[in-house]
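The sequence and structure come next, followed by a reading of them chain by chain.

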Amino acid sequence: MVDLEKLKTAARETVSRDDVKYLIGWRQGTYGFRVSPHFVKEPEEAEKLIFSPLCTNNLATYLVLTERLPLPRGEQPDSRKVALMVKGCDSRAVVQQLIEQGIKRESVLIIGCPCEGVIDLKKVEEKFPHLPGPAQARWSNGNIVFHLPDGDKEVPKGEVLAAKCLSCRYPNPVMTDLMLWEEVQTRGNDEYDDITELEAKSPQERWLFWEDKFSSCIRCYSCRNVCPMCYCEDCVLDRLNPAWVFRSNNISENTAFHLARAFHLAGRCIECGECERVCPVGIPLMKLNRKLAKEVKEKYEYIPGLDPESKPLQSSYRPDDKEDFIL
Amino acid sequence: MDTKKLSKDKFGDFMAILSRQKKLYVPQKEGESLRFAPVTAGSQPDLAFPNTTVPPKSVLFPQTETLYQFEQGNTDMSLPGEGEERVLFGVRPCDARAMAIVDSLFSWDVDDPYYLTRREQTTLLGLSCLEPGTNCFCTSVGGGPASTEGLDMLLTDLGEAFLLQTVTEKGEKIIQSVPELLEEATAEDLKAAEKLSQEAAVRIARGIDTDGIPEKLPGLWENPLWKDFSESCLGCGICTFLCPTCHCFDIQDEMEGFEGRRCRMWDSCMFSEYTLHASGHNPRPSRHERTRNRVNHKYSYFVKNFGTIACVGCGRCINLCPVNIDILNILSQVVKEAI
Amino acid sequence: MKEQFEPNVVAFLCNWCSYAGADLAGTSRIQYPSNLNVIRVMCSGRVNPLFVVNALQQGADGVLISGCHPGDCHYMEGNFYARRRFALMKELLEYVGVDARRFNMSWVSASEGSKWKDVVQGVVEKAKEAGPFEQFRRNKINW
């Protein structure tokens, strides 16, 4: 059960430590069921922290999004820890970053929040449109209770939960320094049914499906920027010489962009679904990522973001890897 | 100017005539997003929206646009062909105001022939906004649900019919080309439209008093508010690419074999490459400087240069920001800090 | 008579095995289709998946990546990495609707001149069947 008081106390204690720079959690957004990442630097700021079905953001992104600006001469970099609140999926992102040595274990303090599933904002806003004021929600006996201006409204999880949560295999953080409350039961087993469904179509049908989606892309790169696994200092998509992917917006470059983005996550994507959530034009990016996740699981029995001691999929091999496709 | 009435059962004919006269763009679904696209056989206009996902600037100032083409080893270059006359139907008053605002930029010190020609060739038919969205705040920045600024004609849905109010000669011409479909509008119709838009304006729930903000912003250059608000910024281009008044572009050469083109494409001040110098130095190295620039550009620099706020209150940047960076929140903090 | 479609196949060959194998096929006067555009790379592990995407964008109708047999890599393990990488890339390309016949990978050693001929014949034949690649080719329609 979510215990907000415990969460706030833990946060206050954490940010009071000398070796902690700040804590990243969630706070109520400015309107409706929006939530914003909350950076807690002083103990009193912990009061605003929340944890509810609205906390969709994967905060692990901020571990690798930190700007490393050149320091004035003689100044030392701030090497204090960053404390991070994680759901199950978020914790896998942290573990994958550790596997790839994108971050150091001693630079992060993981506070685990076992999670009963977060909402799909689109589904909720369709149900409860036009809420100019902030509104909250909570879990309650398998349902989600929305606090609306005209009273509480209880909705079954199946109607409002994000697709990734309905088949979630890892609701509990896989690695923590502090677990805030008891673990929740694992809900589903992901069989990748949506992927199998698309695979069953003919190549022409699949292309028509993706052509429509890719051509609506506006190349805002929010999918790349929000991804906790996209943290190259110099992204191949920003390169101009050589230009791997031209900046112009047309089906050719957009497809190249989406193939490059998806492929760079092969064996790395921890399926938090952030890319799909943030896409302003609703491209089903998880259908690309999950296809690769499915192949990685089937071909190499590899699931990213679970074992910090494991080696990244694409920088390791087994001599007997399948090669039935090779002539 | 002229006011006429178009009964709804003649609406189909009206659109058919328009599409024969000029290239007609209406809001249509592409993938999951709504944007202005040319009418083709079987395409369905989608008018039941607070606003399109992609603003109509994508037609007048396309995301990618060829400036000229060239061939390797040859100094000749060829310009893109003359455009064609087009009509955009269903433009919301806020987006039309945005075009009026962008006009002043593209005809500032140097006329931009690409944009201005296209603007000249385009007739904007607006649709009064009777169901404002959650984050609409056009009334705070000088607009309104039935504002006609930037439009050539405004249509208002009266239930059984549309009220047509022409604003410019381009709008007049449209009316003159379909006399058989139109009736005279009565004083009651005008009153009804007025009432509808007033009711819509009342329903706009969010807003801010912008008085004094342009003057206050320069004094807040080093204020911690920028860092606070941009801490969670991902540095993506949603807020700028989908802003109807954002007009920054990048110019690139693209080669295909021995042929090439110079083209311009949308760029975003929220990207770090936007200000990156060839030397490697970046004058806006972090996200808080970039957020500060975005707000300042809309609410301070543009006001200084053109006398108007470059924000029309369409609410897209608030609706679509993945981390809930809310420009109204930033502005209200600006007001508080500046006292 | 309608001219037969001649596909344009881009081949990335590793310097140590497949390029030498192709060379052997040449010096042994083995006949094979001339639709191939060979790009020599130091190792099949050097081939970036974006090479494949870019080749398709720029006019390739088929792509072939060829390296040393597993265990024979000049750099000990480059082809093992390539194998994982392109097993996934092949799935991804097919998933977005690219014809499965367009993407091929083979192991050809420096002594396999005749295998090289068979591989090329097969790849070109498949690309011919798949027809001209148009799905996300860069074209100048929008210029």
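How many bridges pair strand E1 of chain C with E3(C), and in which sense, parallel or antiparallel? Strand E1 (residues 9-14) and E3(C) pair in the parallel sense over 5 bridges.

## Basis of the model

This is a predicted model, in which local features need pLDDT of at least 70 and side-chain atom pairs count only at pLDDT 80 or more, while totals for chains, interfaces and linings use all residues. Residues are numbered from 1 along each chain as its sequence is written, and chains are lettered from A and ligands numbered from 1 in the order in which they are written.

Helices (H or I, at least four residues) and strands (E, at least two) are DSSP runs, numbered from the N terminus. Two strands pair if DSSP finds at least two bridges between them. Strands of a sheet pair through backbone hydrogen bonds, either parallel or antiparallel.

## Chain C: overall form

Chain C has 4 helices and 4 strands, and along the sequence they follow the pattern β-α-β-α-β-α-β-α. A compact globule of 143 residues would have a radius of gyration near 15 Å, and chain C agrees with its 15 Å; the radius is taken over C-alpha atoms, and the globule rule is 2.2 Å times the number of residues to the power 0.38. Along the principal axes, the C-alpha atoms of chain C fill a box of roughly 45 × 35 × 25 Å.

Of the 143 residues of chain C, 54% count as buried. A residue is buried if 20 or more other C-beta atoms lie within 10 Å of its own, exposed if 12 or fewer, and partly exposed in between, with C-beta atoms placed from the backbone. Two residues are in contact if their C-beta atoms, placed from the backbone, lie within 7 Å. Among the contacts in chain C with a separation of 6 or more, 84% come from residues 24 or more positions apart.

In strand E3 (residues 62-67) of chain C, 6 of the 6 residues are buried, so E3(C) is largely enclosed by the rest of the structure. Gly62(C), Leu64(C) and Ser66(C) point one way from the strand, and Val63(C), Ile65(C) and Gly67(C) point the other way.

Helix H1 (residues 18-27) of chain C has as its buried residues Ser18(C), Tyr19(C), Ala20(C), Gly21(C), Ala22(C) and Ala25(C). These pack against E1, strand E2 (36-41), E3 and helix H4 (113-130) of chain C. Just after H1(C), Arg29(C) takes a positive phi of about 60 degrees.

## Chain B: the open sheet

In chain B, 8 strands form an open sheet of mixed pairing, in the order E3-E2-E6-E7-E8-E9-E1-E10. The edge strands are E3 (33-38) and E10 (182-184) of chain B, each of which pairs on one side only. The twist averages 30 degrees from one strand to the next. Within this sheet, strand E1 (residues 3-7) and strand E9 (residues 161-166) of chain B run antiparallel, joined by 5 bridges, and Lys4(B) stands opposite Leu164(B).

Two helices of chain B lie across strands. Helix H3 (residues 93-106) lies across strand E6 (86-91) and strand E7 (122-127), at about 145 degrees to E7(B). Helix H5 (residues 169-177) lies across E1, E7, strand E8 (153-157), E9 and E10 of chain B, at about 135 degrees to E9(B). Axes are lines fitted to C-alpha atoms, for helices over the stretch in contact, and angles run from 0 to 180 degrees between N-to-C directions.

## Chain A: a three-stranded sheet

In chain A, 3 strands form an open antiparallel sheet in the order E6-E7-E8. Strand E6 (136-140) and strand E8 (151-156) of chain A stand at the edges with a single partner strand each, so one side of each is left without a neighbour in the sheet. Strand E7 (residues 143-148) of chain A is joined to E8(A) by 6 bridges, and Ile144(A) has Val155(A) as its bridge partner.

## Contact of chains A and B

The contact takes 38 residues from chain A and 36 residues from chain B. On the side of chain A that touches chain B, the largest share, 4 residues, comes from E2(A).
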